[in-house]
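Thanks for coming. I have one structure to go through today, so let me put it on the screen.

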Amino acid sequence: MQQGERQRSNEVMQRWSSGISNTPTLQHSNTPMAPARRTQLRARLKSAFALYEVLLGVAIFAIGCIAIARAVENCLNASTISAEEGAVRQILSDRMAVVQAAPGPPDEEKQFKIKSNYGTIRLIQKSALANLTEEDKTLLSGINLVTLTAQWQHAGVPQSKRIQFYVYRSG
């Protein structure tokens with residue numbers, strides 16, 4: 001240190017110390033080091049806290065990703081089931097149109113195996129006289145109740161859909 005700087009430093013220390021107490025100033029004290037150590041300790045704690053925050057953020061992100069993946073999987077399953085049922089409804093509708101357009105009475109029992117994109121669908125057709133009566137107990141003849149049942153498997157679980165309709169044939 002130069003002479004002028006040392007003198008200014010001593011004056012500042014004397015003014016500071018004379019304002020607080022009448023004790024002589026210590027030029028080589030450990031007091032200035034204590035705040036530096038506290039600052040270093042705080043910096044370490046802050047960096048450890050930041051690491052904890054990062055780990056917590058990664059855990060929350062991972063849980064969110066798992067939840068979204070399950071939601072997407074459920075949507076895909078629902079879409080597949082809906083597409084299967086749409087295909088089965090179309091098969092039932094087509095068979096109903098064939099039965100209604102046929103000139104004679106429907107067959108009493110008939111089975112079909114239909115290959116589709118979702119596996120084999122078994123279609124069962126049953127027909128019986130409807131035995132419908134008027135209000136005055138008059139039997140209506142020539143009306144058949146036709147039942148179409150489609151059976152298939154989805155993920156190893158049996159599924160089925162059924163429709164019933166009337167067919168009138170005079171005679």
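One term before the details: two strands count as paired here if DSSP finds at least two bridges between them. Keep in mind that this is a predicted model.

With that term in hand, take Thr149, whose bridge partner in E6 is Arg162. Further along, Gln153 has Pro158 as its bridge partner in E6. In total, 12 bridges join E5 to E6, and the two strands run antiparallel. The hairpin they make has two residues between the strands, and Ala155 takes a positive phi near 55° there.

Now the other neighbour of this strand. E2 and E5 also run antiparallel, joined by eight bridges. Gln125 is the residue opposite Leu148 in E5.

Put together, the sheet is open, with four antiparallel strands in the order E1-E2-E5-E6. Strand E1, residues 109–116, and E6 are the edges; each has a single partner strand, so one side of each has no neighbour in the sheet. From one strand to the next, the twist averages 20°.

Why is E5 described as largely enclosed by the rest of the structure? Because nine of its 12 residues are buried.

The largest nonpolar core has 12 residues, among them Val88, Leu123, Val146, Leu148, Trp152 and Phe165. Helix H2, residues 33–101, and strands E2, E5 and E6 each give two or more residues to this core.

Last, one residue from that set. Leaving out residues up to four places away in sequence, Val146 touches Val99, Pro106, Gln125, Lys126, Ser127, Ile163, Gln164, Phe165 and Val167.

Methods. Residues are numbered from 1 along each chain as its sequence is written. This is a predicted model: local features need pLDDT of at least 70, side-chain atom pairs count only at pLDDT 80 or more; totals for chains, interfaces and linings use all residues. Side-chain values use heavy atoms; hydrogens and water are left out. A nonpolar core is a set of buried Ala, Val, Leu, Ile, Met, Phe, Trp, Tyr and Cys residues joined through side-chain atoms within 4.5 Å. Buried means under 20% relative accessible area, exposed over 50%, partly exposed in between (1.4 Å probe, protein chains only). Contact means heavy atoms within 4.5 Å. Axes are lines fitted to C-alpha atoms, for helices over the stretch in contact, and angles run from 0 to 180 degrees between N-to-C directions.
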